[in-house]
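Hi everyone, thanks for making time this morning. Please have a look at the model on the screen, and I'll walk you through a few spots in it.

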Amino acid sequence: MTQSPQHHKGDPGHRRGEPGHRKGEPDDKEFMTTLAKGLAVLGAFGRQRPTMTLSEAAEVTDLSRATARRVLRTLTQLGYVEQDGRSFSLAPQILDLGFAYLSTQSWIDRATPLMRELSERLGESCSAAILQGNDIVYVARVPARRIMSAALSVGSRLPALHTALGRIMFGYLDEAEIWRRLKSQRIEAYTPQTITDLQALFDRIRADRAQRFSIVDEELERGLRALAVPVLDRSGQAVGAINLSTHSTRTTRNEMREHFLPELNRIAEQVSSMTV
């Protein structure tokens, strides 16, 4: 693999020049800059940055030291951050925020036992994810065996454009939004197979939407082949997606279409029929 995808696994607050908000939002008179700065600091913690000093938090979030200090002190008093000497880290109470979201997504609870049964029967990893910006976020995962160099778990992020889960969900956005997101990020080549041309990515996304499944073949990591289908709500919009992933030496693309796709569609249809 030319570059690990792990740098996507954390943090909406990791980019310089983004002090806790997106461009244009401060023009909204109801926009709370202080809250945005607090969320930026929370988002800066992650797998590659489990602890930070005050100076590191200020640098990563592009905040002043004084502002970063106030934010960290507030988050510590609220119980979301812990301090050990000069270092700060997330506290277990932060899980309340994530569990609050998961508890509102009933399709995840319904999908998980079906995914577990399918994974055990086929001997392959099965995952569910949602789309957040240009990333996918795993919300359920049943690993059959380790097939990626990066360890994945609930909450892990990967670049949506180069995953089957992400591409199938991208297809349910309108065309103008797809193009906006394509142009908003730097497209990286993770392997020689990675599609980096914007028009080619757009065409692939639209073709996957038309066939209602996506196969991504060694674009994110050498040897990784994945098939994904959407989970739809009653209005026909994608609320998430479910995939099966395998090593390319074990399963061909045709075998995925012939044997995996009907199984995935069966689960997705059951889950979709129960969404609100």
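Let's start with strand S8, residues 224-232, where nine of the nine residues are buried. Buried here means under 20% relative accessible area, exposed means over 50%, and partly exposed lies in between, with a 1.4 Å probe and protein chains only. Strands are DSSP runs of E with at least two residues, helices are runs of H or I with at least four, and both are numbered from the N terminus.

Before I go on, this is a predicted model: local features need pLDDT of at least 70, side-chain atom pairs count only at pLDDT 80 or more, and totals for chains, interfaces and linings use all residues. Residues are numbered from 1 along each chain as its sequence is written, and side-chain values use heavy atoms, leaving out hydrogens and water.

Which strands pair with S8? One is S7, residues 214-217, antiparallel over four bridges; two strands pair if DSSP finds at least two bridges between them. Ser 214 stands opposite Ala 228 there. The other is S9, residues 238-247, also antiparallel, over nine bridges, with Pro 230 facing Ala 241. Both pairings are hairpins: S7 and S8 have six residues between them, and Glu 218 takes a positive phi near 55°. Between S8 and S9 there are five residues, and Gly 236 in that turn has a positive phi of about 90°.

Asp 217 and Arg 225 are both buried. The whole structure holds 14 salt bridges.

Arg 180 comes to 2.8 Å between the closest N and O atoms, and Arg 181 to 2.7 Å. Arg 180 is partly exposed at 48%, whereas Arg 181 is buried at 14%.

Trp 179 sits in H7 and Phe 202 in H8, 23 residues apart.

How values were computed
Salt bridge = Lys/Arg side-chain N within 4 Å of Asp/Glu carboxyl O.
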